[in-house]
Structures are given as structure tokens and as C-alpha cells.
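This report describes a protein structure for a reader who is new to the subject. Look at the sequence and the model first, then read on.

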Amino acid sequence: MNLHEYQAKQLLTKYGINIPRGEVTDNPSRAAEIFKNLNISRGAVKAQIHAGGRGKAGGIKIVSLPAEAEKAAAELLGQTLITHQTGPKGKPVNKILVEELFPAEAGRELYLGIAIDRQKACPVMMFSTEGGMEIEELARRAPEKIVKVLIDSPPELPLDRINELLQKENLKPFAFHLKPILTSLARLFLENDCSLAEINPLVITKDGKLVALDAKINLDDRALFRHKDLVGWRDLTQEDPLEAEASKFGLSYVGLDGNIGCLVNGAGLAMSTMDLIKLHGGEPANFLDVGGGASVEQVTEAFKLLLANKNVKAILVNIFGGIMKCDVIAEGITTAVKQVGLRLPLVVRLEGTNVELGKNIIKKSGLNIVSVDTMNEAAKKVVGFIK
Amino acid sequence: MNKNTRVVVQGITGSAGSFHARQMLEYGTEIVAGVTPRKGGQLFFAGGDPVSGRDKPVPIFNTVAEAVRETGANTSVVFVPAAFAIDALREAAESGLNLVVCITEGIPTLDMVKIYKFYKGKGVRLIGPNCPGLTTPGEAKVGIMPGYIHKKGTVGVVSRSGTLTYEAVWQITNQGLGQSTCVGIGGDAIVGMSFSEILELFQSDPETEVIVLIGEIGGTMEEEAAEYIKEHVTKPVIAFIAGQTAPEGKRMGHAGAIISGGAGTAQEKVDKLGSCGITMVANPAEIGQTVAQVMRNYR
């Protein structure tokens, strides 16, 4: 689950990390009030969406009068913002954050982030004095400028290594203010089951204080059960409607640009089915994993999801029934086809437990379903329908 | 893993645990105990075919330590729900088992960080989580792989996925070939045993002649495996990587299957494995026949 900037900053405040003064709203006239109450000469009006690259896409406006704040807010609210991270559909702006503007003193912008290092199987804290740009870009251009500290025995923090890091020549001047931020962000990451916690940029003010100008926090969906307080922060308007709908039924769906709808059990088999379609010259319209043991209801819902995508021109079902029995799947398919009144070509490949029973159900249904034995044949057939 | 593997099922009274305990018993796995807190002293009835003698009731214990002491169990298979899995896995590692196989999916990543470190410290082998387990055809199956797709033979299979593993195994079986052992290491970002650790076991296993590795996008475990194979594996290796068509930044079902910042793409993995002398399969429908070809050449 992703958090908005304003939500991330609320968490930072809870952990004692300085953020610019400001307030979030969905109302332009309220934006003017906020600006006025801040009693500042310059401020920023920032679109709240689940994607980076807002600045370049016009999602952050600098204002110097309450009326300007109101105008900026009115322009942003209700708009769909397209950045290099949103994809072509963009993300709707439903809230804006009005903040005091903090120019970085002497251009000092720092980067601080924590993510999971899969190879080391633990969180890793990354720090760089070259903040402002995206960490991926920095990692490509100047990996030596990122220092890393592994948090390898949580809940303990690697204090010795943090101290060591702060002894470095270029960090010594900020050590006093930086140390509590490093430890606080680490605690925030661990205590809230984050998958990413990033402050970028972290700027140094005139009086030597450090302020988090922007923040990005993602939470581990699997741990939300123990963070009931944060679940309410989920913003469905920022998620793909089909993906959100799928998650309600325990299905894993990802929309793609092609026209062949895929319904498969298991993530690995689903990905390789997509690969196979491509290999035969077709384009998959989606990734859809119904899981290892889907029910008739889930299969029906999965079909509805496929058909909700108007680009879909043919459907491929690939099931390797292990735990899931093929006759159950066949029931699900025929029920769904009857319910939704399918008019598109449908190719079904069943293999595994009770495969003969399953094939019989499909045959006897009298429905226009092409039944094949191997995944290769299935992919070839379904691509043939498109061409 | 063989006929002497003595298995304790953690979470045997749950719906998945009881269903698969029955399936494992039916396959011939020696299930000696079940564990469910507060249900110790009860019996688990497989209810299988009485003629086969597999309806022998399995004793249930409150703790893994008790089960090990009373039954000599040496391997655990864990079906405990994700929220409680961290405690179940800790308990298993402290009870003197050699191997723990965790089927449970959806365990929080930071729980796995702790568990990974704990297991490394204790020197206990962990397979999974979010995995189908492992099967040694004709001997035992610990996990949820469908038994009938296997055939005893000399192909070692290691994979990050579930049903794609079944697909590969089935293709191999349909070529008239069989498997020495099939291992699903799990699709999560953090899993216990890696490809390289399983490859080491296959390399030293006299029953294994060739090895099939099935990877997918995300992470760098395939690249590490490629390096390992180049240095240490003399047996032929055939590999397939799923997710050639997956877009960047999207999670493809498995928590581990996500491409971030250009790292972990299928192409990178294919190139790396290919450059280390591994036979790459481009078409997932041709895993079986490629294995057959390689075996013909090898012999």
C-alpha cells in the first residue's frame, strides 16, 4: 500500500522528523486560508498522487499570495496528472498540500531512504549527499555516492555503523542533526512494516536543522493486519480500478496493453503463459492469477474482470490443476460463460487432477469453447483468433 | 529426503494442513506427528484407503519439541496462517529438526527478515515460504505438489514457482523421463534456501544427472545461481525464466516477481545464465523436450 506525501509526513512528524509547516485540503478557498495562516512570503501547492515526477509534470506550484494558492489549488484539484511514473492514464488529484517553501541552503540536498535488500535478506539504509534526484538514477550514474548500512538484526538498529558513517569527512558537520533522523526513520520503517521509506530531499536550513521536504512511504500489504490505524489511509482512487476489484476477490490482476485476456492459476505459470502468447506473435491484455485453489466464484469473478477490459478480443485459460481440480475449474468456466454471455473466442487448456472430467464438462456444455491439450497449442490457437 | 524422512505437520488441523497431510500420507510420506497448540493429545485420522494401511491415526501435540521427542520427527512442513507463522517457524528451528518447509503464503517481509537470520544462526535448513515444497518421487513428498505428475528418475528440478513447476515436471514425465527430487524454493522476496544452495545438493547427489532451474523476474538469485553453476556445477543445467513480457514496477503475483529500476529483468537473467554455459529454454512449452535432448547428448 502506498501513502500520499501528506500521510508520509504525518508519520515522520510522529517520529520527530522536521517537515515544512503546512496542511492538506481538497478545497481551493481553504488553500488560500492555509497559505494566509502560515504567514509566509512563498509557499508550495503540491498535488497529492501516488507517483513521483510531480514537479516536472506541473503538479507542484510555487505561490506568493493567498489568491495564487487558491488559483493553483483550483487548477490542480480534479485534474488527472500524468508523470513519467503514472503511466499514460495518469492519477487523479483529489487533495493538495499547501506548505511553506524551504529553499535548500547552499544547494545542500540530501537523500535518505530505507528499502529491503533481497540479496542480504534485510532492510538497507541508503544515504547520499546528492539528494533531489531519483535514487535509481543516482545509483546508475554515481553508485559510489550512495552509502549503505544494513539493518540486519531488527528490531536492533546498527548504531555502531551509523556512528561510523557519521564520522565521514563530508557528514561530520551534520552529524548532530542527522543521527536522530537516521535512527528515527529506521524505527519508523520497522515499526510500521514499510517496504520503502524515503526522504528526498532532506535539506539543511540556515540554522543547521534538517527538514524533510518530500517523503515517500510504502507499506507491506501483508503486514497491514497489524496496522489497523494505517489501513484507513488507503486511497483507492490512486489504484487501477480492475486491480483493486481483483484484490477484493483474492485475485491478482495486472492490466497490460494487449488484446488477449489470460486466466491462469499460479504466478509463474501465468507469466510464462503471457510469454508464450508473445512468442506466438500475440499480445497479452493482462496478468491474472486465480491462485492455487480458486473456487467457482473466483473463476466467475475472474472472467468478469477479463471482460471489463474492452480491448480483450480473445481469451486463453491455462490451468494446471494440482490442488485445484479440473472439473471444478470447468464448472466455473461454463457457469461464468453462461452468466456473462461470452461472445469472444475462448481457448481452454486443462491439465492435471480430474482432467478428463473437466474436459467432459466443457464438451457437454455445448458452449463454443476450444479445448486443447498443451499450453503451446493453446497459445497458438488463441493468437490465431486475433490475426 | 527419502523414506526415512519423518515429518511433523504444523497446523495439521487447519483446512490446508489436513487436506495436504492426507495427500502426503497417500503418497507414502512418513507423517509421524501433527502440531496444533491446545489440541495436543488428539488424533488426526487420514481417513484414507484402509487396505493401503494409510489410515493409521497421526498423534497431535501442542508443541514441535514434544512431537520431536515423542516421534523422532526430523522434518517439519508448516501450514500455519501468515500472522502466526513467525512463531511457528521459530519454534520449529528450536526443536532440533534438520529441515523446515514453509508452505504458508503472505508472511510479512520483516517477519521473514527475522526468521532468515534466526535460521542461519541455528544452521537449520528452511525451504519457502510461499512454496509448493519438495518431492522425491517414489520416496516422499513434503508439501503440496500433486503426486501423480512425478516419476522416479534422474532430473533434479528447482524452481521459484508452484504451478509452473508442475508444468515442467509433467513435461519431463511425458518425455518418459523422471525426477530425482523437485524443489520449489518459494516466490517471496526473502526465502530460506536459495537456488545456489539447492544446486550444491543436486551436484553432490548421485541420483541426479541433469538439473532444471526455473526462475522468474525480480531479484538477483538467478544471476547468483549462474555464477555458482559456472564455478561448481559439472552436471548439465537447463533453465527457463518466466516474465519476459512483464512491465517494470508491477508486481506479478509473487512478492518477489517485480522489476525495479531496470534490475531483475528476464533478459538480464537469460543473458547471464546463457553466458555461464547453461542451456536456455525460450518457450515454456519446450522444457521437457529440451531436457530429453540434453540427456541424449549427455549420455
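## Two chains and their interface

In this model, which is predicted, 48 residues of chain A are in contact with 55 residues of chain B. The size of an interface is often given as the accessible area lost when the parts come together. For chain A and chain B, the area buried between them is about 4,000 Å². Carbon and sulfur atoms give 63% of that area. On the side of chain A, the residues that lose the most area to chain B are A:Arg118, A:Arg222 and A:Phe320. Together, A:Arg118, A:Arg222 and A:Phe320 make up 20% of what that side buries.

How many salt bridges does the rule find between chain A and chain B? It finds three. A salt bridge is formed by A:Arg226 with B:Asp111, and the closest N and O atoms of this pair are 2.8 Å apart. Residue pairs in polar contact between chain A and chain B, with both residues at pLDDT 80 or more, number 13.

Several elements of chain A each supply at least two residues of the side that touches chain B. Among them are the strands 8 (122-128), 13 (252-255), 16 (314-321) and 17 (346-352). Helix 4 (135-141), helix 6 (175-191), helix 9 (267-279) and helix 13 (375-386) of chain A also belong to this list. Which element gives the largest share of the side of chain A that touches chain B? Helix 9 of chain A does, with ten residues. Sorted by class, the side of chain A that touches chain B has 22 nonpolar, twelve polar and 14 charged residues.

A:Leu276 lies in helix 9 of chain A. A:Leu276 counts as buried because its relative accessible area is 1%, and the cut-off for buried is under 20%. Leaving aside neighbours within four places in sequence, A:Leu276 is in contact with A:Met375, A:Asn376 and A:Ala379 in chain A, and with B:Asn283, B:Pro284 and B:Ala285 in chain B. The C-alpha atoms of A:Leu276 and A:Ala302 are separated by 21 Å, and these two residues are 26 positions apart along the chain.

## Chain A as a whole

Chain A has 13 helices and 18 strands. Its C-alpha trace spans about 80 × 50 × 40 Å along the principal axes. Of the 387 residues of chain A, 53% count as buried. Among the contacts in chain A with a separation of 6 or more, 67% are between residues 24 or more positions apart.

A:Ser195 shows how residues from separate parts of the sequence come into contact. A:Ser195 lies in strand 10 (residues 194-204) of chain A. Not counting residues up to four places away in sequence, A:Ser195 touches A:Ile114, A:Ala115, A:Ile116, A:Phe189, A:Asn218, A:Leu219 and A:Asp220. Is A:Ser195 buried, partly exposed or exposed? A:Ser195 is partly exposed because its relative accessible area is 30%, which falls between the cut-offs of 20% and 50%. The C-alpha atoms of A:Ser195 and A:Gln339 are separated by 40 Å, and these residues are 144 positions apart along the chain.

## Backbone details

Most residues other than glycine have a negative phi, and most peptide bonds are trans.

| Cis peptide bond | Omega |
|---|---|
| A:Pro154 and A:Pro155 | about 5° |
| B:Gly128 and B:Pro129 | about 10° |

A:Pro155 is found in the loop between strand 9 (147-150) and helix 5 (159-166) of chain A. B:Pro129 sits in the loop between strand 7 (125-127) and strand 8 (133-136) of chain B.

Positive phi values come next. A:Ala121 is not a glycine, yet its phi is positive, at about 55°. A:Ala121 lies in the loop between strand 7 (109-117) and strand 8 of chain A. With a relative accessible area of 4%, A:Ala121 is buried. B:Arg38 is not a glycine either, and its phi is about 70°. B:Arg38 lies in the loop between strand 2 (30-35) and strand 3 (43-44) of chain B. B:Arg38 is exposed, with a relative accessible area of 79%.

Terms used
Residues numbered from 1 in each chain as written. Chains lettered and ligands numbered in written order. Predicted model: local features only at pLDDT ≥ 70, side-chain atom pairs only at ≥ 80, totals over all residues. Heavy atoms only, no water. Contact = heavy atoms within 4.5 Å. Buried area = accessible area lost by both parts, 1.4 Å probe. Salt bridge = Lys/Arg side-chain N within 4 Å of Asp/Glu carboxyl O. Polar contact = N/O pair within 3.5 Å; in protein donor to acceptor, adjacent residues only side chain to side chain. Helix = DSSP H or I, 4+ residues; strand = E, 2+ residues; numbered from the N terminus. Nonpolar A, V, L, I, M, F, W, Y, C, P; charged D, E, K, R; others polar. Buried < 20%, exposed > 50% of the residue type's maximum accessible area, 1.4 Å probe, protein only.
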